[in-house]
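Here is a short tour of one protein chain, written to be read with the model open beside it.

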Amino acid sequence: MRELKRLQIPALTREPNASCSEIVAEAAFALASGIINTIPFVGNKLDEQQAQAWPRSGIFTDDGVEMTGTPPEIFELCELLASYIEKGSSFDVFEVFHKIARIDRLIDWRQGALLSPESENTRH
């Protein structure tokens, strides 16, 4: 699985043999990751300097086991968003809502719908 990441230097400068479609796919995934990073998740980032929303601590499965890494549902949502971004098409609201419903237990709804990058740094 790819990790959630910020949009960075285009793949073309890092990998001169990358095709245009690979560059677009990489940028779409990075943009989708950025969208997901604005969701106020429960738990805490592992490090105060951590730019991405995941991985987190303080989140447990229904069996009481602490989650490590990024849940697959987060990647599924990211891949769905990236597919729409890559195609340049509108999101299918019902499909996106279905994916968000699968991560409902991971969202801290007390914080509101979305966070700006600045408010994430001030949240405790």
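**Overall layout**

Please keep in mind that this is a predicted model. The protein chain has 5 helices and 2 strands, and from the N terminus on these elements follow the order α-α-β-β-α-α-α. Of its 124 residues, 34% are buried.

**The nonpolar core**

The largest nonpolar core holds 22 residues, and those with the most contacts inside it are Ile36, Phe41, Trp54, Ile74, Leu77, Ile103 and Leu106. Two or more residues of this core come from each of helix 2 (20–36) and helix 3 (72–87). Helix 3 gives the largest share, 8 residues.

Two of these core residues deserve a look of their own. Where does Leu106 sit? Leu106 lies in the loop between helix 4 (93–102) and helix 5 (117–122). Because its relative accessible area is 0%, Leu106 counts as buried. Setting aside residues up to four places away in sequence, Leu106 touches Pro40, Phe41, Val42, Trp54, Ile59, Met67, Pro71 and Ile74.

Ile103 is also located in the loop between helix 4 and helix 5. Its relative accessibility is 0%, so Ile103 is classed as buried. Beyond its neighbours within four places in sequence, Ile103 is in contact with Ile39, Phe41, Glu73, Ile74 and Leu77.

| Pair | Separation in sequence | C-alpha to C-alpha distance |
|---|---|---|
| Leu106 and Ile59 | 47 residues | 7.7 Å |
| Ile103 and Pro71 | 32 residues | 8.9 Å |

**How the helices pack**

The crossing is right-handed. On the helix 2 side, the contact includes Val24, Ala28, Phe29, Ala32 and Ile36, while helix 3 brings residues including Ile74, Leu77, Cys78, Leu81 and Ile85.

With helix 4, how do the axes of helix 3 run? The two axes come within 9 Å and cross at roughly 165°, so helix 3 is roughly antiparallel to helix 4. This crossing is left-handed. Helix 3 makes the contact through Glu73, Glu76, Leu77, Leu80, Leu81 and Tyr84, and helix 4 through Glu95, Val96, Lys99, Ile100 and Arg102. Leu77 and Leu81 of helix 3 are listed in the contact with helix 2 and also in the contact with helix 4.

**A cis peptide bond**

Which residues does the cis peptide bond join? The bond links Trp54 and Pro55, with omega of about 5°. Most peptide bonds are trans. Pro55 belongs to the loop between strand 1 (44–45) and strand 2 (56–57). Its partner Trp54 is among the core residues with the most contacts, and Trp54 is also one of the residues that Leu106 touches.

Notes. Residues are numbered from 1 along each chain as its sequence is written. This is a predicted model: local features need pLDDT of at least 70, side-chain atom pairs count only at pLDDT 80 or more; totals for chains, interfaces and linings use all residues. Side-chain values use heavy atoms; hydrogens and water are left out. A nonpolar core is a set of buried Ala, Val, Leu, Ile, Met, Phe, Trp, Tyr and Cys residues joined through side-chain atoms within 4.5 Å. Buried means under 20% relative accessible area, exposed over 50%, partly exposed in between (1.4 Å probe, protein chains only). Helices (H or I, at least four residues) and strands (E, at least two) are DSSP runs, numbered from the N terminus. Contact means heavy atoms within 4.5 Å. Axes are lines fitted to C-alpha atoms, for helices over the stretch in contact, and angles run from 0 to 180 degrees between N-to-C directions. Angles under 35 degrees count as roughly parallel, over 145 as roughly antiparallel, 65 to 115 as roughly perpendicular and the rest as oblique. A crossing is left-handed if the near helix is turned anticlockwise from the far one by less than a right angle, and right-handed if clockwise.
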